[in-house]
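Please keep the sequence and the three-dimensional view at hand while reading.

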Amino acid sequence: MKAIVYHKPKDMRFETVEDPKIEKPDDVILKVTSTAICGSDLHIYNGLLPQPKPMVMGHEFMGIVEELGSEVKDLKKGDRVVVPFPLACGHCYFCSHAMPTSCESSNDNYGPEGGLLTDKGGALFGYTDLYGGYSGGQAEYVRVPYANFGPRRVPDGLSDDQVLFLTDIFPTGWSAIDWAQLKGGETVAVFGCGPVGIMAQKAAWLQGAGRVIGIDVERYRLAKAATVANSETLLTEDLKETVDILRQKTGGRGPDVCVDAVGMEAQRSLIEKANAALHVERGTMKVLEACFSAVRRNGTVTVVGVYGTPFHAFPLHQIFDKGIKVQMGQAPVHNYIDHLIELVASSKVVLNDIISHPLPLSQAPYAYEIFNEKKDDCLKVVLKPGT
Ligand SMILES: NC(=O)c1ccc[n+]([C@@H]2O[C@H](COP(=O)([O-])OP(=O)(O)OC[C@H]3O[C@@H](n4cnc5c(N)ncnc54)[C@H](O)[C@@H]3O)[C@@H](O)[C@H]2O)c1
Ligand SMILES: [Zn+2]
Ligand SMILES: [Zn+2]
């Protein structure tokens, strides 16, 4: 089959690989009908998360069940499903306590420490050997383990584009807001108007926010956030100034909730890059620092943007003094997806209005480049295999 294979940083190739096979009795093989490129894939593309050998990429995908293992219970050949991006077994301690991203079974590198280059909880499709070494879904076919726990059937009448983002970015944006437990009427500031940030802004309204502010360095992304998420927008060049503006907009106190939907690859200067190298940090935590600075006292900061290393001078004193609540991590998609499918099916939310580049799978190497470089107003790429 054809697939998108990572070889080295900035080198993704459309090439022929072996077809996936059923390996365990609760596996299914999907014929992929749609798959997307995620901001998380860019961390591999840009070499921030190392991958020593070629790997089929992709953790946002959906498709049609083509083949089933002998112990798959509720699915049948021909079913159309979306698949949560974390691989979770469904029966270990963490899976049975609604913490699927810490699954103890899906990753041979599992461990309690959460170390830098060892010891991860859970696993992700197409996301480095460290995260389980599973082939991803930017391919014509994909093996989906734990098929009794992950895949969800798509209700009739919904197109691929309408439901594809239930695999990752909408549940991720939803988590960022759910973790803040809104009571109603809060001001939510979301740093980042990429796909995840915009989904968090949509989720904020649905969970009762009174005001939603989207922040980014790219004007075209802010314009999109204003249109599709009805957010107030704020162009940031200097994050200290952005914090001041957020305070001015909120009676001097700051937003009730700040979401970091940027992560370690925030735009930075040469001096900031040199500083990071000195401290052996990958990327920067400048957006996270801005969240802690901006949020009102006793407010909540949630972090869905990815961070991969320790960071020097982490502002612990400020978090303590302000009494900030903090939650971060991979999104527990399994916990939310059924409710979120309902929201899409009942037209309470539209997800496909952020797609900027629907392309054939063969165009993925080009798509990685324009998504990474933010060329051609690229916001979200959806790839169709077989075209
Ligand atoms: N926690 C999870 O489960 C999960 C799931 C999906 C994605 N992610 C992560 O979420 C983050 C965002 O993903 P995405 O797909 O939206 O990626 P993206 O790269 O398209 O979005 C990042 C956005 O941040 C903006 N940005 C850069 N510097 C900034 C700054 N200084 N201030 C404000 N905005 C700035 C960029 O212009 C861009 O729009 C990534 O780190 C990704 O890995 C996490
Ligand atoms: Zn993703
Ligand atoms: Zn498990």
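## The antiparallel sheet

Lysine 2 stands opposite threonine 16, a residue of β2. The model is a predicted one, in which local features need pLDDT of at least 70 and side-chain atom pairs count only at pLDDT 80 or more, while totals for chains, interfaces and linings use all residues. Residues are numbered from 1 along each chain as its sequence is written, and chains are lettered from A and ligands numbered from 1 in the order in which they are written.

Helices (H or I, at least four residues) and strands (E, at least two) are DSSP runs, numbered from the N terminus. Two strands pair if DSSP finds at least two bridges between them. Strands of a sheet pair through backbone hydrogen bonds, either parallel or antiparallel.

Strand β1, residues 2–8, pairs with β2 in the antiparallel sense over six bridges. Alanine 3 has glutamate 15 of β2 as its bridge partner. The hairpin of β1 and β2 has two residues between the strands, and lysine 10 takes a positive phi near 65 degrees there. The open sheet to which these strands belong has three strands, in the order β2-β1-β4, with antiparallel pairing. Because β2 (11–16) and β4 (55–56) stand at the edges, each with a single partner strand, one side of each is left without a neighbour in the sheet.

Helix α12, residues 364–373, lies across β1 and β2 and runs at about 160 degrees to β2. Such angles run from 0 to 180 degrees between N-to-C directions, and the axes are lines fitted to C-alpha atoms, for helices over the stretch in contact. Two residues are in contact if their C-beta atoms, placed from the backbone, lie within 7 Å.

## The parallel sheet

Another open sheet has six strands in the order β13-β12-β11-β14-β15-β16, and the pairing is parallel. Its edge strands, β13 (232–235) and β16 (325–328), each pair on one side only. From one strand to the next, the twist averages 15 degrees.

Within this sheet, β14 (residues 257–260) and β15 (residues 300–303) run parallel and are joined by four bridges. Aspartate 260 stands opposite valine 303 of β15. Helix α6, residues 219–229, lies across β12 (211–216) and β13, at about 160 degrees to β12.

## Two helix pairs

How do α4 and α5 (residues 195–206) pack, and at what angle? Their axes are 7 Å apart and the angle is about 55 degrees. The two helices are therefore oblique to each other; angles under 35 degrees count as roughly parallel, over 145 as roughly antiparallel, 65 to 115 as roughly perpendicular and the rest as oblique. By class, the contact of α4 with α5 has 11 nonpolar, two polar and one charged residues. Ala, Val, Leu, Ile, Met, Phe, Trp, Tyr, Cys and Pro count as nonpolar, Asp, Glu, Lys and Arg as charged, and the others, Gly among them, as polar.

The axes of α7 (residues 239–249) and α9 (residues 286–294) come within 10 Å and cross at roughly 25 degrees. That angle makes α7 roughly parallel to α9. The crossing of α7 with α9 is right-handed. Among the residues in contact are Leu239 and Leu246 of α7 and Lys286 and Ala290 of α9. The contact of α7 with α9 divides into five nonpolar, two polar and one charged residues.

## Residues in loops

A residue is buried if 20 or more other C-beta atoms lie within 10 Å of its own, exposed if 12 or fewer, and partly exposed in between, with C-beta atoms placed from the backbone.

| Residue | C-beta neighbours inside 10 Å | Class |
|---|---|---|
| Glutamine 181 | 12 | exposed |
| Serine 347 | 8 | exposed |
| Lysine 120 | 24 | buried |

Most residues other than glycine have a negative phi, and most peptide bonds are trans. Glutamine 181, in the loop between α4 (169–178) and β11 (187–191), has a positive phi near 45 degrees. Serine 347, in the loop between α11 (333–345) and β17 (357–360), has a positive phi of about 60 degrees.

Lysine 120 is placed in the loop between α2 (93–96) and β8 (123–124). Not counting residues up to four places away in sequence, lysine 120 touches Asn107, Asn109, Tyr110, Leu130 and Tyr131.

Note on methods:
A crossing is left-handed if the near helix is turned anticlockwise from the far one by less than a right angle, and right-handed if clockwise.
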